[in-house]
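The following briefing goes through a structural model topic by topic, with the cut-offs behind each term stated where the term is used. Please read it alongside the sequence and coordinates shown here.

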Amino acid sequence: MAPLRRALLALAGLLLLSLAASAFQSDELLLNDDEEFEGVGARPSSPLPPAAPAVSSRRRSADASSTGAAESNAMQFTLEHDLGAGKGFVPAGTFSARLKTSAHGTQTLTKLRFTRNELAEDDKDAFKKLLQEDGFYTIRLPSNVLDTTRKDNVVSSIKARCIPRDSLDEHIVIHMDGVNILAVNYGSVGGCQYPRPIKLPSKWTFNSYTILKTAELAPRTPSFADQLIEADNGLGEVMKPPEKSFWAKYWMYIIPLGLIVMNAVTAAANIPEEAAGQGQPGAQRAPAAARRR
Amino acid sequence: MAAPPHHSLLILLTGLLVVAFLSTLAAAIYEDQVGLADWHQKYIGKVKQAVYHSQKSGRRRVVVLTEENVISSLDLRSGDIFWRHVIDKNDPLDQLSLSLGKYVLSLSSGGTILRAWNLPDGQMIWETNLQTSTSSNPQLHVLSNNKVAKDNLVLISAGRWMYAVSSIDGSISWEKEFSLDGLEIKQVLQSPESDIVYAIGIAGSSKLALYHLSAKTGEILKDIQESLPGGLCGETVLGSDNLLVALNKARSSLFLIDFKGDRISYNKVHISDLVQDLSGTFKLQTVSNGVIALQTFSTISLLKLKGTDGLEVVQRFDQPAAVSDALTISEKDDAFAIMQHVGSQIEFIVKFTNDVSSEIIRENVNIDQHRGNVEKVFLNSYIRTDKSHGFRALVVMEDHSLLLIQQGEVVWSREDGLASIVDVTTSELPVEKDGVSVADVEHNLFEWLKGHMLKLKGTLMLANADEVAAIQALRLKSSEKNKMTRDHNGFRKLLIVLTKAGKVMALHTGDGRIIWSNLLPSFRGSRFGGMPSALRIYQWQVPHHSIMRENPSVLVVGKSGAESSAPGVFSILDSYSGEELNSMRLDHSLVQIIPLTLKDLSEQRLHLIVDSNSNAHLYPKSPDSLNAFLHEMSNLYFYSVDIQTNVIRGYSLHKSCDVKGDEYCFSTKELWSIIFPSDSERIAITETRKMNEVVHTQAKIIGDHDVMYKYLSKNLVFVATVSPKAAGNIGSALPEEASLVAYLIDAVTGRILHRVTHHGAQGPVHAVLSENWVVYHYFNLRAHRFEMAVIEIYDQSRADNKDVMKLIVGKHNLSAPITSFARPEVAVKSQSYFFTHSVKAMSVTQTAKGITSKQLLIGTIGDQVLALDKRYLDPRRSANPTQQEKEEGIIPLTDSLPINPQSFVTHSHQVEALRGIVSIPAKLESTTLVFTYGVDLFYTQLAPSRTYDSLTDEFSYALLLITIVVLVAAIIFTWIWSEKKELRDKWR
């Protein structure tokens, strides 16, 4: 009875899950499906800001709709850049995202999208100038996406010559902690060679890739005691080396031994031979010496 | 039949292998090797209070309390330490006293802990905790009158509390909390004729309160309060038995207060009437009955009280001087001492308080000029052989050293400045000169003969004890390790240390003796405030080939005040002689010092000083260094860590600066910033790689012949943040509230390469970063244990450089220049292990070429240094390593890190109050020199993988020589023999 019931339950669960999943289907076009859904999958047992392990998207959507408590608000924050022309930081693009509030009150950003403003003519000139003098292209983001009154900004820079390929390719990694932006890492998509040659882009449009990152959880030291005992028990059977033949085991001793023996035998064979050979010329010389006298 | 002997052979072989394997793990030394390559020196720190044994107790000892929180008993004849206790920094010692002639009483933690120590051996007799509001200036008063109670009472006052504690067993006899708000008891004194105790306190800014208490019960017999016009600043001294001298709030006049009568009567005296040219701050000091001393920066005035009527200046000393407290000689005579600088000497003057104008003793003492001014004097008397009174004094100098002065001589001195080392650097010794002059040899000939005679006697067992000692000393003197020249292995070096007092000292690594010392004049300041502080010491010039003849020099950087805008101070010293070559006061402040890897033509190292306006200044200021700097300027970046605002910022340098016309000044541009949200994270530690670290190989071959490339960037910074709630002591936060986040950041671009959270973890965090790994130590609240975690970072962009063909054809990117602006592909491996000890300091061994395996040097809570093999902290350890992994040397995974008692490099010694561990590479690759400092100093040589590149000291050269001689003889003999034989054969 019990196994049958369990199977039924599992089936029901699965059904529910699939139903729930089908209840929500995002038709959103995502620039990159990296880690935007961070945090929604936080398990209720964990009271800390979500630092989620990779969970399948189906599971995440299921959680999102089943908890129900999660609210989401659309919100925006701007990316500002400094082209070094003395104008300081000017708005250059907009991030739009949804703010999710989980059941525990922690807020996270999801579904991040980024739209770049078109570069004006004088911006292009400024950028060209940057390329020529090998200057820094600097961007900044507010350090808190909710509280824009705080004037703290996270800044990131790169040598302008690293950016142009066919178009202007940029790669933005935003390190988040809840609604706080810890840091933004701005870089080129490919590598950046050194020394940096001047290369003007053929298209003056930004091609952006953005990634949201939150902290990973440290791998916990498991309690090894049980595993070790298990391993010790298993060791006797599994790790027993297969029986090898006598030759396979001791060849390294036998070969030198054989060589020594062979050497000794030949040496022993040579001794009487030499003695015989040496005796003859000696015998021949002796009469000659006697003759000289 | 052949199997059993083969088995035993195999067992023997494996046994040998196991022994060999174990011997590499346990790099312990044998008992008879202790002290051969290591030395240990014990210090106590700057003395702030000293108490002599009374004449009755006979022994010539003094008990001292120091600023390094040490309580110690010293031998007055030699200055040796009889016993010593280093108390934890959280429990600062305030007062010291003797009781019953056999106990030392110490009051600590703002008057809350009273302890009694046994005088002869320093064992603790009892400890009493007192419930008081912690006060900055608690008082300890031992009632001298035995008639009061049968057990001697000790009075402790702190804030508005007063306790009487029995000095026999530490039980509280009575306690009293005065009801007056904000009261702070300043003075406690005992009436000599009755059992009344007077307690005088100040409440608020102007109210003076006097209590008459019964010494037996603590009952308040009388309570008088008086408001003084103009207010009080809180500084009071006891003028005599019935007179209190208090400074008014404006610090311009003195109140002379008589408190013995029925009510408080007082009189006001203007200081300017007594001492004319009073400038700056000054300090009052009680000397004795009716005499007080007024100290300013350069002068001391002795003032005699004429009741409450007024004061008169008895004598004035215009040289820097110090006055001791009074010492009771007989029933009616009190004596005190004055130390005054006269030229290059100091004058030791002893006077009776009854007759201040006459002097009992005036002695001139020659003193080392590098000790600075006298700061404190503690007078002691003894009975001379002719039954008259003799005087001696313990003198604390400006460089924190302690001297005993008697009969016009310095009997002994202790270099206790070494207990407060701030920074350490090293210097090579001079190269040995070829050719020794004839005079030297002739001079030494007799000595040489005598030495050999002694040695001969020693070997023939004819030497007596004195001669044996002489032989030992001779051996030590002539021993290789103590020479003043550079050796082939690089074991002999100078450790140049900077102490808190601004003194620079050079220690020889051979035996730890002081080669030279210099109290830097540019870091000496006034006694009361505006004190310059020496911060760091760097190598300034390390000559190589072309300018070999010049001596190396070191740079000492400091600040001329405590505030952040105070201008910086530079001082450059010769490493061989300690002479100050140059000193300058910078015209800008000093926030960050960045030693660059660049050098100018005279091999002076370039240093960048960042001021509080974020401008960078280049030193040395020479066109040559500017050229070298401008050439590399576009590739130079630096970062700053602001712990207050939780921000890390990265900067690049630009040509111009706000200061016009200063071409050595550069402006900075903020390139990146990381803002840690202050509500959830607080920076606990930042750590970088050592600038001089050498890495042997960038590849790591793992068991299955695969290659992993280490991510070796000099710009790697490790940052650990803890949640604000967990920033306090362990136990102050719940595991749910505490978390620790570890970051690996590239300091050029501000890129976060790795970020990992440890839940339920909290500080204190200690970390060490070396090669491509970081090891950090923290407390795991969930497991209730300390943990050590390791992160290793590997470069994936080079991972495909495994094809040999590619390497041959040259299609690899191993020699391509690396730029931080390219996005690195890194792979990270990490693991954490439990560790039993809490940690005071952490470091890693450094060797000349980086080939030798690394050991972590961990300063444990027991003030010892543990050498832990880095292999134990390999993130690739697994519970069941495969055969290949075993061959590679991977140790099976364990829950916690093993602590082998033999791997304590400090063996039986303790480096009390351990603060830092420095590892210096020797020229010999296998060996590293380790210097550990705290209150004590310890130095040793370590060979993490045994000395594989040199013969050990025990190696029998005689046997080798004999073997060679025998072999050569045999060859010659057989050759002759064969020649003869051949000749004989030919003649046949």
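**Briefing on the two chains**

The model is a predicted one, in which local features need pLDDT of at least 70 and side-chain atom pairs count only at pLDDT 80 or more, while totals for chains, interfaces and linings use all residues. Residues are numbered from 1 along each chain as its sequence is written, and chains are lettered from A and ligands numbered from 1 in the order in which they are written.

**Composition of each chain**

- Chain A comes to five helices and nine strands, and chain B has eight helices and 64 strands.
- Of the 293 residues in chain A, 24% are buried, and of the 988 residues in chain B, 38% are buried; a residue is buried if 20 or more other C-beta atoms lie within 10 Å of its own, exposed if 12 or fewer, and partly exposed in between, with C-beta atoms placed from the backbone.
- Among contacts with a separation of 6 or more, residues 24 or more positions apart account for 66% in chain A and for 50% in chain B, two residues being in contact if their C-beta atoms, placed from the backbone, lie within 7 Å.

**Interface between chains A and B**

- The interface brings 41 residues of chain B into contact with 42 residues of chain A.
- On the side of chain B that touches chain A, β48 (665-675), β53 (739-746), β54 (752-759) and β58 (826-835) each supply at least two residues.
- That side of chain B divides into 18 nonpolar, 16 polar and seven charged residues, with Ala, Val, Leu, Ile, Met, Phe, Trp, Tyr, Cys and Pro counted as nonpolar, Asp, Glu, Lys and Arg as charged, and the others, Gly among them, as polar.
- Strand β9 (residues 216-217) of chain A runs parallel to β54(B) and is joined to it by two bridges, which meets the requirement that DSSP finds at least two bridges between paired strands.
- Within this pairing, E216(A) stands opposite V756(B) in β54(B).

- The domain assignment gives domain 1 (680-762 + 795-813 + 820-833) and domain 2 (836-972) of chain B, the bounds coming from an automatic or database domain assignment.
- The C-alpha centres of domain 1 and domain 2 of chain B lie 25 Å apart, and their contact takes twelve residues from domain 1 and 16 residues from domain 2.
- Beyond its neighbours within four places in sequence, V377(B) is in contact with residues including A337(B), M339(B), A393(B) and V395(B).

**Local elements of chain B**

- Strand β59 (residues 839-844) of chain B is largely enclosed by the rest of the structure, because five of its six residues are buried.
- β59(B) pairs with strand β60 (residues 855-860) of chain B in the antiparallel sense over five bridges, and G859(B) in β60(B) is the bridge partner of A841(B).
- An unreviewed UniProt entry lists residues 955-978 of chain B as "transmembrane region"; this span is 92% helix and 0% strand, and its end C-alpha atoms lie 35 Å apart.

Terms used
Helix = DSSP H or I, 4+ residues; strand = E, 2+ residues; numbered from the N terminus. UniProt positions renumbered as here; feature names shortened; annotations may be inferred.
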